[in-house]
Amino acid sequence: FAPSFIEKPKIIPNETGTLITMRCKCTAKPKPVVTWYKGTKAVLESSKIKMRMVEHEDTYEILLEIQDPIGPDSGTYRCHVQNEYGESNANLNLNIEAEPEPEGDPPTFVEKPRIRSEQSGKVVIMECTVSANPKPDIVWYHEGKLLSQSTKISWRMEEKGKDLYYIRLELKDPGKTDSGLYKCNIKNPSGELNANLTLNIEIVPVIREIPKVITIIKKKTIVIECRVMSVFEPKCIWMKENSAVKEDSRHSVKIEELKEGEYSVKLEMSNCTIEDKGTYRLVAKNEKGEAQSQTVTITEIPQGTAPVIKDKLKSVTLTESKEVEFRVTLSTTDKTTKITWTRNSQTLTNNKDVSISFDGQVAKLTISKVTKELTGTINVIVANDFGQDESTAELVLEESEKVSIEKDMSGNCRLTMKALEMEDAGDYSCKIEKQPDETTTELTVIEYPYKFVKVLKSVTHVEKETITLVCELDDAEGDVTWTKNGEELKPDKRISISKDGRKRKVTIKDAKVTDAGLYACTSNADQTEAELIVNYQNRFNKKLKDTTAIEREKLVLDVELQDQTAAAEWFFNGEPVKESERVEIKNLGGGKHQLVF
């Protein structure tokens, strides 16, 4: 930042009058160059005059010492400090007969000088805020030449508080000839200050380098970056061959201001395919014109290898309470591969009965004590950023006799039936051999109550999309009924009902707004339901047209949307339009919207 004096300059004599010290204090970064003047002549060090500067971080105490001062040493002294960001001056009047110094404070910066643009670059503002007492006078220079106010360039100074002054220069419709160094000289009887500002004007965007290509193999991503010089943010379009690259889920354009007048423009392409190969160039536009970058060609697409299972899972049949191990071996070692084990589509994790391990090539699933609850379809998925492979096997318990009859030493008889079925219902009796006595019982078998372990979720879609509603039972054998708004749902050309293990699905292709409603899936003992919302695939029935209007007159811009319930958002130069005394946003209903000036 530019040097700025933070204390009133002082003249300090010693008690005997044999040494006079002139002291100034300023802040600056980087360290300033100091020159002392008496009148218009630079003061040089000698046996009589010594100069020194004491530095503390970005604060500097500047001293001029005069040994054995005499009458000719009287006069106006000026301490001039300067660095690459600006300069400043402090005045001291030395009167050997101790004449009073001028009252007040020299100008100092409260807010550093800066340049900014308004109205999309049509107006350039140079501004700063200073503290001074009394009020300073200001003079503006461009490339060393004194400026005069006109319709193109004007300035003002406003009092913002006690001894605070805001200084502002406005430059309208800047052009190339307006580039260069601007200096504002701020001066009062106690000292002076200079604000130096360099203005670089690039009316038409300028691209000075070839786009750079960055490849991120792991994410299959390619980034093309280009630097653009422009006084305000340009509109940027990336071209592939002769077609504009449209932004979507895989392609995005990012514009970032690196510093004033310089922008980084990136095209990010994720999950790249062979279709992304080709020649690219950047087109940067503003209202003054456009610039095109040199072309860059993408010939290589980030490639990786999906994991491959060399040794697959094998189905196992064994008796209850036995230990079993499933394993797969990958064709290559890769410890970053993600391993997922499931039983009947439910994810398995480490617990007291299940142990899972992976050393980079061999993945193991060990069940220490097999029970009926752990049998079923065992599946393993091995995956990385480039794809996946999987293997499936069955874990089956050996069938024991369904019915067994036992008699113990005490004469107790027992009939045991495993895995009851509905057909097992009926009358059962037990008779004593060669005796007329018997006992009878009626067995009633109640159907297994199928419960939902994963319920339906309410979703919102857009017409023409494919929609899938999914829920999951606690057992694969359960039957369900689907309804929409209380009426049974029947499959047709667009709607299909399916079961996948324990999952129950409804799939709706080419969705329509009329497909919206409350969907329910019901088992013999449970029900889950969710709302499906299908919105119109909205578009403009009536679009905006280029318009010429007369200043001060009323202007109405109107559009019409296909979706009569949707809201319309208005933008000006990419920024949302806000209502004010001059601007009104109207929703007329029926999809009609207006912007009124």
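The legends below describe close-up views of a predicted model. Local features need pLDDT of at least 70 and side-chain atom pairs count only at pLDDT 80 or more, while totals for chains, interfaces and linings use all residues. Residues are numbered from 1 along each chain as its sequence is written, and side-chain values use heavy atoms, with hydrogens and water left out.

**View 1. The annotated Ig-like spans.** The UniProt annotation "domain: Ig-like", from an unreviewed entry, covers residues 3-95, 107-200, 205-299, 307-444 and 449-533. UniProt positions are given in the numbering used here, feature names are shortened, and annotations may be inferred rather than shown by experiment. Residues 3-95 are 0% helix and 62% strand, with end C-alpha atoms 27 Å apart. Residues 449-533 are 0% helix and 53% strand, and their end C-alpha atoms lie 31 Å apart. Helices (H or I, at least four residues) and strands (E, at least two) are DSSP runs, numbered from the N terminus.

**View 2. The largest nonpolar core.** This core has 23 residues, of which Phe-109, Val-130, Trp-140, Ile-167, Leu-169, Tyr-182 and Ile-186 touch the most other members. A nonpolar core is a set of buried Ala, Val, Leu, Ile, Met, Phe, Trp, Tyr and Cys residues joined through side-chain atoms within 4.5 Å. Buried means under 20% relative accessible area, exposed over 50%, and partly exposed in between (1.4 Å probe, protein chains only). Strands that each supply at least two residues of the core include β10 (105-118), β15 (164-172) and β16 (180-188). Leaving aside neighbours within four places in sequence, Ile-167 is in contact with residues including Val-130, Trp-140 and Ile-186; contact means heavy atoms within 4.5 Å.

**View 3. Glu-262 in strand β23.** Glu-262 is found in strand β23 (residues 262-269). Glu-262 counts as buried because its relative accessible area is 11%. Its side chain makes a polar contact with the side chain of Arg-227 (3.3 Å). A polar contact is a pair of N or O atoms within 3.5 Å; within protein, one must be able to donate a hydrogen and the other to accept it, and residues adjacent in sequence count only if both atoms are side-chain atoms.

**View 4. An open sheet of five strands.** The strand order is β28-β35-β34-β30-β31, with mixed pairing. Two strands pair if DSSP finds at least two bridges between them. The edge strands, β28 (316-318) and β31 (346-347), each pair on one side only. Strands β30 (residues 338-343) and β34 (residues 376-384) are antiparallel and paired over six bridges. Ile-339 stands opposite Val-382 in β34.
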